[in-house]
Amino acid sequence: MKIGITGTGSYIPSIITKNEDFLEHEFLETDGSSFAYDNAVIIEKFKAITGIAERRYAKPDLKTSDLGYLAAEKAIEDAKIDKEELDYIIFAHNFGDVSHGKIQGDTLPSLATRVKHLLKIKNPKCVAYDMLFGCPGWIEGVIQANAFIKSGLAKKCLVIGGETLSRVVDQHDRDSMIYSDGAGAAIIEANPNSGEILGHASVTHANGEAYHLFFDKTYKADGCPDTRYIKMHGRKIYEFACTYVPQAMASCLNDSGVDISAVKKIFIHQANEKMDEAIIKRFYRLYGTKVPEDIMPMSIHKLGNSSVATIPTLFDLVRKGELENHHVQKGDVVIFASVGAGMNINAIVYRY
């Protein structure tokens with residue numbers, strides 16, 4: 001039984017925020033003090049490390065569930081399925097629906113339930129639930145959908161990854177420039193004409209690594225101490241990812257039985273350009289070979305880091321020929337890999 005992706009869709013928000021739009025921001029050190037250099041230098045260093053030149057933010061009237069719904073509509077249409085035949089809707093996110101200008105995440109009802117409502121699916125046997133697994137949430141949702149189908153519990157699943165990180169950032173934290181909004185979705189089903197999941201792996205490192213990403217107060221001394229924003233220990237995350245992600249990818253590839261030379265593309269979480277490049281180099285070093293040219297599509301330069309949305313969005317763009325110099329064709333072997341809050345890592349080896 002071949003279980004694979006039969007349709008994809010993405011929603012890329014329309015508001016473009018460029019690096020120069022942060023020139024007037026008041027960025028502060030973690031202790032609330034001012035930086036020794038001006039914002040132009042901060043932004044220049046930021047772009048050199050992350051690769052981000054601009055990012056996308058959702059319009060004020062759209063929430064994460066709305067973005068997920070818009071991506072899901074496209075995926076259902078692309079797969080040419082009847083939405084009433086869906087057995088599961090799995091929505092991977094981290095912060096729920098955060099209304100523009102508000103600070104509280106809303107997860108009642110679940111975002112998956114909200115998408116089912118917006119899709120007007122009448123079938124009560126279509127089960128909707130949310131996945132909280134950090135940035136690797138969409139991949140983990142695909143792994144669960146694969147398990148449901150293998151076990152006979154499902155035939156068709158909709159897996160969504162969406163986030164509006166722009167609404168949970170501290171504007172005084174320079175890391176706020178990393179984050180963006182977006183959503184991607186895929187239909188997973190058993191279909192002789194689809195691609196095929198050849199192997200997968202998931203791990204959680206929580207012995208000392210659990211709080212590399214966390215919620216905390218603003219860096220502004222007179223800011224509200226009760227309001228919490230997304231924060232991270234960037235250096236620790238970088239070192240963790242470069243150490244453990246290549247190992248997880250190699251373990252997954254080895255278990256799949258696919259030779260490294262057969263891999264055509266690696267769709268890795270769009271977190272940081274330098275970090276992603278380092279991960280890929282270390283991965284290929286494990287096999288004693290050089291990194292192939294154009295092996296790693298990148299969308300972070302224009303779209304920023306939209307957490308769980310980065311991989312499904314990136315795959316949708318490449319699959320539909322919308323990312324320059326990158327494409328996939330029938331039979332290509334690709335790897336999906338991600339790392340994020342938890343700290344969680346996962347990967348899938350997939351034959352397109």
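Analyst: Accessible areas here come from the Shrake-Rupley method with a 1.4 Å probe. The model is a predicted one, and by that method the accessible surface of the protein comes to about 15500 Å², with 50% of it belonging to carbon and sulfur atoms.

The protein contains 8 helices and 13 strands, and its C-alpha atoms fill a box of roughly 60 × 50 × 40 Å along the principal axes. Its radius of gyration is 20 Å, which agrees with the value near 20 Å that a compact globule of 352 residues would have. Of the contacts with a separation of 6 or more, 77% are between residues 24 or more positions apart, and buried residues make up 56% of the 352 residues.

Turning to the cysteines themselves, the structure holds 0 disulfides. Cys126 is in no disulfide, since the nearest cysteine sulfur, that of Cys157, lies 9.0 Å away, whereas a disulfide requires the two sulfur atoms to be within 2.5 Å. Cys126 is also buried, having a relative accessible area of 2%, which falls under the 20% cut-off for a buried residue. Cys252 is likewise in no disulfide, and for Cys252 the nearest cysteine sulfur is that of Cys135, at 19 Å. With a relative accessible area of 1%, Cys252 is buried.

Notes. Residues are numbered from 1 along each chain as its sequence is written. This is a predicted model: local features need pLDDT of at least 70, side-chain atom pairs count only at pLDDT 80 or more; totals for chains, interfaces and linings use all residues. Side-chain values use heavy atoms; hydrogens and water are left out. Helices (H or I, at least four residues) and strands (E, at least two) are DSSP runs, numbered from the N terminus. The radius of gyration is taken over C-alpha atoms; the globule rule is 2.2 Å times the number of residues to the power 0.38. Buried means under 20% relative accessible area, exposed over 50%, partly exposed in between (1.4 Å probe, protein chains only). Contact means heavy atoms within 4.5 Å.
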